[in-house]
Amino acid sequence: MRWPWSTNSERERDDRKRPVAWTESLNATDWSHYTDPRTVVPTLLLTSTILLSIRVYRSYLRRIPEATHIRPGFFRKRSLFGTVTRVGDADNFHLFHTPGGRLAGWEWLPWRKIPEKKLDLKGNTIHIRIAGIDAPEGAHFGKPAQPYSEEALQWLKGYILNRRVRAYIYKRDQYERVVATVWVRRFLFRKDVGNEMLKAGFATVYEAKMGAEFGEFEEKYRRSEQLAKKKKLGMWAGNAKNYESPRDYKIRTAAAQNTK
């Protein structure tokens with residue numbers, strides 16, 4: 001109860017104690033500060049910069065450790081830049097992904113070194129299958145080595161091992177390898193590794209009826225193969241009667257194993 005003789009200070013104190021509705025409080029807020037361009041514009045710019053930086057990082061600067069980590073949307077739209085750490089057979093190798101290359105600090109910043117030990121590389125490289133070609137098969141799974149398989153392997157090692165390459169990726173195959181057209185710089189020139197291998201006579205054009213990937217280079221690859229044949233280079237140097245393509249070799253040895 002407020003007495004008639006209550007002072008103004010007492011009445012103000014009572015008003016402060018009275019509960020204030022949320023809508024009254026909201027209406028009493030001065031919103032002009034939040035709509036002031038001097039506040040809105042920097043906020044929008046900062047938010048846009050952060051979102052753009054996240055997108056650029058995820059698309060171009062995030063290191064991909066293995067083939068299974070590649071998002072489906074990357075295939076046929078992105079390339080992978082990195083260093084070849086191991087050559088397996090004569091048509092595939094392992095790539096340590098270094099997005100951004102030296103501009104992003106790879107190989108010169110202390111925390112961006114490429115591992116040298118096999119244990120450190122395990123689970124940290126992308127298995128690449130060179131698109132559009134088939135090289136002579138080495139000895140494995142109890143099968144004998146195909147003629148010129150060792151020469152083809154040594155050629156590929158000498159051409160790309162420990163070098164920086166760029167792989168334009170198409171898909172993952174049944175062995176979880178990434179099928180790609182691979183480029184390397186040799187003497188300041190950009191070279192298509194698959195095409196150079198065909199020209200050297202250490203690979204044939206990939207002839208499987210399903211799953212073949214050439215990008216836009218099939219006709220060029222076939223011309224390179226014919227040129228190597230004509231010059232009798234690499235695997236074409238022997239007697240034509242004894243020649244067996246990598247595809248025919250795989251079909252024959254698979255059939256022989258199935259009959260055991």
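Modeller: Let us begin with the elements: helices (H or I, at least four residues) and strands (E, at least two) are DSSP runs, numbered from the N terminus. This is a predicted model, in which local features need pLDDT of at least 70 and side-chain atom pairs count only at pLDDT 80 or more, while totals for chains, interfaces and linings use all residues. Residues are numbered from 1 along each chain as its sequence is written, and side-chain values use heavy atoms, with hydrogens and water left out.

Biologist: In which strand is Tyr-168 found, and which residues does Tyr-168 touch, not counting those up to four places away in sequence?

Modeller: Tyr-168 belongs to strand β5 (residues 164-172). Taking contact to mean heavy atoms within 4.5 Å, Tyr-168 touches Arg-78, Ser-79, Val-179, Ala-180, Thr-181, Trp-183 and Arg-190, when residues up to four places away in sequence are not counted. Of these, Ala-180 is twelve residues from Tyr-168 in sequence, with the two C-alpha atoms 5.2 Å apart in space.

Biologist: How is a pair of aromatic rings described?

Modeller: Such a pair is described by the distance of the centres and the angle of the planes. Rings of Phe, Tyr and Trp (its six-membered ring) pair if their centres lie within 6.5 Å, and planes under 30 degrees apart count as stacked, over 60 as edge-to-face and the rest as tilted. A search of the whole structure finds five aromatic pairs. In one of them, Phe-96 and Trp-106 have ring centres 5.9 Å apart and planes at 80°, so the pair is edge-to-face. Because Phe-96 lies in strand β2 (residues 92-97) and Trp-106 in the loop between β2 and α5 (118-121), the pair ties together parts that are ten residues apart in sequence.

Biologist: Are Phe-96 and Trp-106 buried or exposed?

Modeller: Buried means under 20% relative accessible area, exposed over 50%, and partly exposed in between (1.4 Å probe, protein chains only). Phe-96, at 4%, is buried, and Trp-106, at 6%, is buried.

Biologist: Which charged end sits over the ring of Phe-96?

Modeller: A charge sits over a ring if NZ of Lys or CZ of Arg is within 6 Å of the ring centre and within 35 degrees of the ring normal. Here the charged end of Arg-63 sits over the ring of Phe-96, at 4.1 Å from its centre. Arg-186 likewise lies over the face of Tyr-159, 4.5 Å from the ring centre.
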